[in-house]
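This report describes selected local features of one protein model, arranged by topic. Please read it alongside the sequence and coordinates shown next.

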Amino acid sequence: MKMRKNLLAALSAAAVIAVCQCAFAAQGGLVYDENSSGPTPVPPSERGLQTVQASRWFEVTKEMHELEGTVLAADGTLYFSDVTAGTIMRMTHDKKLSTFAKLDGFIAGGTAFGPDGLLYAAVLNFPNKRGGVACFSREGKIEYILSPDAGYLPDDLVFDAEGGIYFSDIRGTDAEPIGGVYYITPDRKTVKPVIKNLAQANGVALSPDGKVLWVGEYGRNRLLRSELVAPAELSQLGVSIPYYFTGPAPDSMHVDKDGNVYVAMYRQGRVLAFNPNGFPIGQILLEGRDKMIIASTNFAISPDSRDMYIVACNNAEGEGAWIFKGEAFAPGLNPPVNSK
């Protein structure tokens with residue numbers, strides 16, 4: 001009886017293989033379709049997500065300049081970093097673009113307005129392994145609140161309600177995870193470790209109530225969600241990992257007023273949206289991503305609408321660097337104070 005069952009199972013398996021082989025032979029082999037063509041196809045697990053498109057809105061330069069550090073001031077002025085030029089740019093409502101600050105030997109990653117109404121930036125110099133947190137006067141003059149010689153490589157940052165700063169340290173690799181997330185106390189006297197042993201910690205964000213810390217781990221393609229019981233203090237549940245990404249790789253992130261978190265997918269030309277518990281619920285695809293690699297690094301969501309401004313660089317010659325405009329699920333969070 002047992003031999004008969006084994007024989008039937010073997011014959012069934014052989015029949016399945018034969019049918020598949022006939023199907024492949026009739027088809028003539030694998031073919032590209034709308035889901036598999038292009039340089040960065042949407043992974044199968046994310047094709048069913050609610051999807052909208054962000055259109056080209058403003059051409060920053062025709063050259064291949066990587067952009068970063070997007071933030072909106074209280075008056076609606078858009079600030080962002082031109083990594084290639086080593087500058088922080090400013091654009092008004094009528095799309096007048098100007099240089100706000102120049103960085104000598106550094107580039108700016110994430111930016112944020114502090115409770116004092118001033119612009120702050122995570123700045124770094126990869127070749128020399130130096131980085132700090134800078135504060136800019138309204139005229140663009142730089143002052144460091146975390147010295148570039150402190151031993152960190154800050155890449156993104158976010159303020160909490162007390163005026164403290166969480167920043168991601170992008171040091172390390174998957175094989176040598178020496179990066180993490182740290183907290184600068186409101187008095188600026190202490191730097192506390194929050195999450196250690198990360199491989200290139202990148203984006204960092206806080207829920208609207210400040211009780212959930214989100215982190216993107218670039219080197220391991222992970223989304224981390226951590227509940228906080230106090231500034232820089234994790235709950236007993238510690239760090240959870242609600243999502244693993246496919247392809248390159250989680251970059252900067254921001255939260256909207258509903259608590260949804262959005263993650264810019266570097267070199268994928270899109271932004272993924274997650275609900276407050278870390279479940280994927282939508283995506284914003286950048287115009288042209290089906291034909292070229294688009295380095296989508298950062299974005300800002302207007303607190304007065306659902307408008308999302310995404311900065312990105314195209315790898316195709318002549319396509320340059322652009323600001324794309326799309327829509328989020330909900331408005332963004334307000335800056336802590338009037339930042340005019």
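## An open antiparallel sheet

Four strands form an open sheet in the order β2-β3-β4-β5, and their pairing is antiparallel. Strands here are DSSP runs of E with at least two residues, numbered from the N terminus, and two strands count as paired if DSSP finds at least two bridges between them. The edges of this sheet are β2 (67-72) and β5 (97-102), each of which pairs on one side only. From one strand to the next, the twist averages 25°, where axes are lines fitted to C-alpha atoms and angles run from 0 to 180 degrees between N-to-C directions.

Five bridges link strand β4 (residues 87-91) to β5 in the antiparallel sense, and R90 has S98 in β5 as its bridge partner.

## Basis of the model

The model is predicted, so local features need pLDDT of at least 70 and side-chain atom pairs count only at pLDDT 80 or more, whereas totals for chains, interfaces and linings use all residues. Residues are numbered from 1 along each chain as its sequence is written, and side-chain values use heavy atoms, with hydrogens and water left out.

## Surface patch and positive phi angles

A nonpolar patch on the surface is formed by V239, I241 and Y244, which together have about 250 Å² of accessible area. Such patches are made of residues with over 30% relative accessible area and no salt bridge, nonpolar side chains (Val, Leu, Ile, Met, Phe, Trp, Tyr) being joined within 5 Å; the areas come from the Shrake-Rupley method with a 1.4 Å probe, and for residues only the protein chains shown count as cover. Y244, in strand β17 (residues 233-244), is exposed at a relative accessible area of 51%, given that exposed means over 50%, buried under 20%, and partly exposed in between.

K129, with a phi of about 55°, lies in the loop between β7 (119-125) and β8 (130-136) and is exposed, with a relative accessible area of 68%. R267, with a phi of about 65°, lies in the loop between β19 (261-265) and β20 (270-274) and counts as partly exposed at 33% relative accessibility.

## Polar contacts of S252

S252 belongs to strand β18 (residues 250-255) and is buried, its relative accessible area being 0%. Its side chain makes a polar contact of 3.5 Å with the side chain of E68 and another of 3.1 Å with the side chain of N298. A polar contact is a pair of N or O atoms within 3.5 Å; within protein, one atom must be able to donate a hydrogen and the other to accept it, and residues adjacent in sequence count only if both atoms are side-chain atoms.

## Salt bridges

With a salt bridge taken as a side-chain nitrogen of Lys or Arg within 4 Å of a carboxyl oxygen of Asp or Glu, the count comes to twelve. E319 and R56 form one, their closest N and O atoms being 2.9 Å apart. Because E319 lies in the loop between β23 (307-314) and β24 (321-327) and R56 in strand β1 (residues 50-61), this pair ties together parts that are 263 residues apart in sequence. E319 is partly exposed at 23% relative accessibility, and R56 is partly exposed at 25%.

E217 and R222 form a salt bridge with closest N and O atoms 2.6 Å apart, and both residues are buried. In the salt bridge between E227 and R225, the closest N and O atoms are 3.2 Å apart; E227 counts as partly exposed at 33% relative accessibility, while R225 counts as buried at 14%. Salt bridges with shared partners also join D174, E217, R220 and R222 into one network.

Note on methods. Patch = residues over 30% accessible without salt bridge, like charges linked within 9 Å, V, L, I, M, F, W, Y side chains within 5 Å. Buried < 20%, exposed > 50% of the residue type's maximum accessible area, 1.4 Å probe, protein only.
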